[in-house]
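Welcome! Please take a look at the structure below, and then read on for a short briefing.

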Amino acid sequence: MNATLACVLALAAGTYVFRLAGPVLHGRVELPVRVQELLTVSATVLLVALLATGALTEGQGFAGWARPAGVLVGGLLAWRRAPFAVVVVGAAAATALLRLAGVS
């Protein structure tokens, strides 16, 4: 067995154990309210960090102003509870129009 296959199998087993832990431990482990609040905040922080790195960077550098503007338009449309298709098309259209206008 080569090292890559061993790593894949180890990650698969770890993922399965994490997924199994929820139903098995449900009702047996009681988390304090403070820990629940911290987990909620930490999940939000991780999602915002993922959004920021995806919107602002490409490769090793800055992605330009058109992409963050498109993400902002998509975020505003989502905040206004627009349908998902409208959010995606609006963000893509804003980015495309800015790039067409010469904004990189």
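**A first look at the fold**

In this predicted model, 37% of the contacts between residues at least 6 apart in sequence join residues at least 24 apart; a contact means heavy atoms within 4.5 Å. The model is predicted, so local features need pLDDT of at least 70 and side-chain atom pairs count only at pLDDT 80 or more, while totals for chains, interfaces and linings use all residues. Residues are numbered from 1 along each chain as its sequence is written, and side-chain values use heavy atoms, with hydrogens and water left out.

**Overall build**

- The protein has four helices and two strands, where helices (H or I, at least four residues) and strands (E, at least two) are DSSP runs numbered from the N terminus.
- Along the sequence, their pattern is α-α-β-β-α-α.
- The C-alpha trace spans about 55 × 45 × 25 Å along its principal axes.

**Burial**

- Of the 104 residues, 12% are buried (buried is under 20% relative accessible area, exposed over 50%, partly exposed in between, with a 1.4 Å probe and protein chains only).

**Salt bridges**

- There are two salt bridges, each a side-chain nitrogen of Lys or Arg within 4 Å of a carboxyl oxygen of Asp or Glu.
- Glu37 and Arg34 form one of them, at 3.8 Å from N to O; they sit three residues apart in helix α2 (residues 33–56), about one helical turn.
- Glu37 is partly exposed at 41%, whereas Arg34 is exposed at 54%.
- Arg67 pairs with Glu58, with their closest N and O atoms 2.7 Å apart.
- Arg67 is partly exposed at 22%, and Glu58 is partly exposed at 49%.
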